[in-house]
Amino acid sequence: MHDRVANLLGAASLAVTDLVLAGATDAGRVGASGAAALVVLSHAPGLGVTELGRRVGLTQSAAARMVDGLQAAGQVRRRPGGGRAVQVLLTPEGEESVRAMLAARGAPLAGVLAVLDDAEREVLTGLLAKLLARLYEEIGDSEVICRLCDRGCCTSGGVCPVGQAERDAGRA
């Protein structure tokens, strides 16, 4: 027998994911991994290809191909790091894409949430914080969970529940 709440959460999660990815990928003119990579680089400039790939869920070889594509599109550039390391950095075009993607990601979410009144939004905020803390226990990596987050929005006027879960776990 299926749990109705779990089923509703699954349907809502997929619908929200579809909206977020459609907005971000259209605005950035990149695929889902490329969109996540650009947002990740906006918060962690200079990551290596392997670490960038880990954060967006790609193997090293797939991440290298993704970075090649982003570089060919003028979104990122490579810079030599220490030793054999190579850092990946956003170009001005990549920075603009991140701004556009976060705005495009936020618009449909705001539209979905518009159906809730202030009290319902406050309750939902608490519930989502609790669910995100539990998801952190399952996934164990804030960088993976928050790869498409507008981090300024999440921490402005509050504490990021994923970051708090990471601190509570002693991993921060």
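Student: Is Val162 buried or exposed?
Tutor: The model is predicted, so local features need pLDDT of at least 70 and side-chain atom pairs count only at pLDDT 80 or more, while totals for chains, interfaces and linings use all residues. Residues are numbered from 1 along each chain as its sequence is written, and side-chain values use heavy atoms, without hydrogens and water. Buried means under 20% relative accessible area, exposed over 50%, and partly exposed in between, with a 1.4 Å probe and protein chains only. At a relative accessible area of 2%, Val162 is buried.

Student: Which residues is Val162 in contact with, leaving aside neighbours within four places in sequence?
Tutor: Val162 belongs to helix 9 (residues 161–168); helices are DSSP runs of H or I with at least four residues, strands are runs of E with at least two, and both are numbered from the N terminus. Ser142 is 20 residues away from Val162 in sequence, but their C-alpha atoms are 6.0 Å apart. With contact taken as heavy atoms within 4.5 Å, the partners are Leu132, Tyr136, Ser142, Ile145 and Cys146.

Student: How many disulfides does the structure hold?
Tutor: A disulfide is counted when a pair of cysteine sulfur atoms lies within 2.5 Å. The number in this structure is zero.

Student: What is the phi of Gly83, in the hairpin of strand 2 and strand 3?
Tutor: Strand 2 (residues 76–80) and strand 3 (residues 86–90) run antiparallel, joined by five bridges; pairing requires at least two DSSP bridges. Val76 stands opposite Leu90 in strand 3. Five residues lie between the strands of this hairpin, and Gly83 takes a positive phi near 65°.
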